[in-house]
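Reader: Hey, can you walk me through how this one packs together? I'd like to start with helix pairs.

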Amino acid sequence: MSPAEEHMGFLVRWTQRAVRNKWFEQWTFEDTLSEAFLRADFLLSEKYDRKKGTPTVFLGSCLRTDLSYTYQRYLGRTIHWVPKENGGRRRTWVQRAPSVECLESITPGIETARDVDFSEIDLTVRERRIVSMLMENRTRADIAKRLSISTSRVGQVINESIRPKLNDWIKGASKDEQDLPESGMHKRAS
């Protein structure tokens, strides 16, 4: 029996609380429980020290933070450390910019002056997972296998859902860039 299996009741209650408080909004109860189980199994096996307290107190104190890292990576974000004004640094999550190959596979012939920020694009959970896997340079066949859908369905989601949303975002971004006055130039009110 794995260490997490011994504390399944705690993990179910913890997951209910996580879903109720919307800690991981884009995950279902089952997604959250599955990830919590995997992280708890690792934490209890590798990090837990019996001399310092009970397993449930240990998990209660570190599982949410640990799982938040997994969740942010799921959303396609990475950690960046930003200096504080009074010294030290703080953690901030930044959306990863997709590789050129990723953008080319979603929208052939794409040209944009700035990095695409997928957090600004209204994608479903499945669409975000597909984009995230494309950013990892996974093949459509691999993505299909991981999502338990057909390869042609992956192509349909890219062509019919992700591509139009991405193109709309790019059109909006380039329009915003055109509206900015050049440095040293001021628009006159007529």
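Author: Axes here are lines fitted to C-alpha atoms, for helices over the stretch in contact, and angles run from 0 to 180 degrees between N-to-C directions. Helices are DSSP runs (H or I, at least four residues), numbered from the N terminus. This is a predicted model, where local features need pLDDT of at least 70, side-chain atom pairs count only at pLDDT 80 or more, and totals for chains, interfaces and linings use all residues. Residues are numbered from 1 along each chain as its sequence is written, and side-chain values use heavy atoms, with hydrogens and water left out.

Reader: OK, at what angle do α5 and α6 cross?

Author: Roughly 140°, and the axes of α5 (residues 125-135) and α6 (residues 140-147) come within 10 Å. The two helices are therefore oblique to each other (under 35 degrees is roughly parallel, over 145 roughly antiparallel, 65 to 115 roughly perpendicular, the rest oblique).

Reader: Which residues make that contact?

Author: From α5, R126, R129, I130, M133 and L134; from α6, I143, R146 and L147. Contact means heavy atoms within 4.5 Å.

Reader: Switching topic: how many residues are in the largest nonpolar core?

Author: It has 22. Such a core is a set of buried Ala, Val, Leu, Ile, Met, Phe, Trp, Tyr and Cys residues joined through side-chain atoms within 4.5 Å, with buried meaning under 20% relative accessible area (1.4 Å probe, protein chains only). The largest share of this core, 7 residues, comes from α3.

Reader: And what does L63 touch?

Author: Beyond its neighbours within four places in sequence, L63 contacts L11, W14, A36, R39, A40 and L43. Another core, of 19 residues, lies apart from that one and includes F118 and L147.

Definitions and conventions. Buried < 20%, exposed > 50% of the residue type's maximum accessible area, 1.4 Å probe, protein only.
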